[in-house]
Amino acid sequence: MPPRMGRPPRGSRTLSKDDVLKTALQLLDEGGSKALTFKALAEALGVTPMAVAHHAGTKDEMFASLVAIAFAGSDTPSEAATPKLRLRDLMTRYCAQVTKHPELAKCILENPALIGPSLTGLTRLIETEITTADVSGAEARTILCLLVDYTHGFAFAAAAAPRGALSAGDFTPALDWVLDRIE
């Protein structure tokens, strides 16, 4: 274990927020939200819990930063040719992100205040593509809910399954079934 340190002396290499968040995401991915404490993070980094708090802020601020990092780019529009293909691309990319960090997605489901700009932007993109496909009202809301709920359900199942047991190839057939309802 590296020696414990607080704030390093002036001029020496410093602990960065990126170091703290990278390690925090690793601890979260490996052990879930209960494993991610300032004490555990400090031990992993060889610093004091106060040094972690200095860089990460409060626990909620740290989780919000992790969401921003893990889901960055979720709100990037798809370049595919049709609304159906754009939705397929958006949902497949998002599923890959959730599958990579399912524990973080669980934290978001437990605390919706963690939803950041990228995920809000993704929801708007999905709604826009559904509208572009000439679906509106209750049917549009149903399609949105089906897409989001199915994607989360699949991602959590893939994360719980033995490594490699479920892949994007397993995700897309049911996704396409939902998408076929709009075109």
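The lining of the second largest pocket divides into seven nonpolar, two polar and two charged residues. Here Ala, Val, Leu, Ile, Met, Phe, Trp, Tyr, Cys and Pro count as nonpolar, Asp, Glu, Lys and Arg as charged, and the others, Gly among them, as polar. The lining consists of Thr-99, Lys-100, Pro-102, Ala-158, Ala-159, Ala-161, Pro-162, Arg-163, Gly-164, Ala-165 and Leu-166. Helix 5 and helix 8 are the elements that give two or more residues to this lining. The pocket holds about 260 Å³ of space. A pocket is an open set of points on a 1 Å grid over the protein atoms alone, where a 1.4 Å probe fits, with protein on both sides within 12 Å along at least five of seven lines; lining residues have an atom within 4 Å of a point. Grid points are joined across faces, edges and corners, and a volume is the space filled by probe spheres set on the points.

The model is predicted: local features need pLDDT of at least 70, side-chain atom pairs count only at pLDDT 80 or more, and totals for chains, interfaces and linings use all residues. Residues are numbered from 1 along each chain as its sequence is written, and side-chain values use heavy atoms, with hydrogens and water left out.

The largest pocket contains about 340 Å³ of space. It is lined by 17 residues, of which Tyr-94, Ile-115, Thr-123, Val-148 and His-152 are the closest to its centre. At least two lining residues come from each of helix 5 (83–100), helix 6, helix 7 (117–132) and helix 8 (137–160). Helix 8 gives the most, with five residues. By class, the lining of the largest pocket has 14 nonpolar residues, two polar and one charged.

The chain has nine helices and zero strands. Helices (H or I, at least four residues) and strands (E, at least two) are DSSP runs, numbered from the N terminus. The C-alpha atoms fill a box of roughly 60 × 30 × 25 Å along the principal axes.

Helix packing was examined next. Axes are lines fitted to C-alpha atoms, for helices over the stretch in contact, and angles run from 0 to 180 degrees between N-to-C directions. The axes of helix 1 (residues 17–31) and helix 6 come within 7 Å and cross at roughly 90°. Helix 1 is therefore roughly perpendicular to helix 6. Angles of 65 to 115 degrees count as roughly perpendicular, under 35 as roughly parallel, over 145 as roughly antiparallel and the rest as oblique. Leu-25, Leu-28 and Asp-29 of helix 1 make the contact with Glu-103, Leu-104 and Cys-107 of helix 6; contact means heavy atoms within 4.5 Å. Four of these residues are nonpolar, none polar and two charged.

Helix 4 (residues 59–70) also packs on helix 6 (residues 102–110): the axes come within 11 Å and cross at roughly 125°. Helix 4 is therefore oblique to helix 6. The crossing is left-handed, meaning that the near helix is turned anticlockwise from the far one by less than a right angle; clockwise is right-handed. Phe-63, Leu-66, Val-67 and Ala-70 of helix 4 meet Leu-104, Cys-107 and Ile-108 of helix 6. This contact has seven nonpolar residues, no polar and no charged.

The axes of helix 5 and helix 9 (residues 168–179) come within 11 Å and cross at roughly 140°. This crossing is right-handed. Helix 5 contributes Lys-84, Leu-87, Arg-88, Met-91, Thr-92 and Cys-95, and helix 9 contributes Phe-171, Thr-172, Leu-175, Asp-176 and Leu-179. Six of these residues are nonpolar, two polar and three charged.
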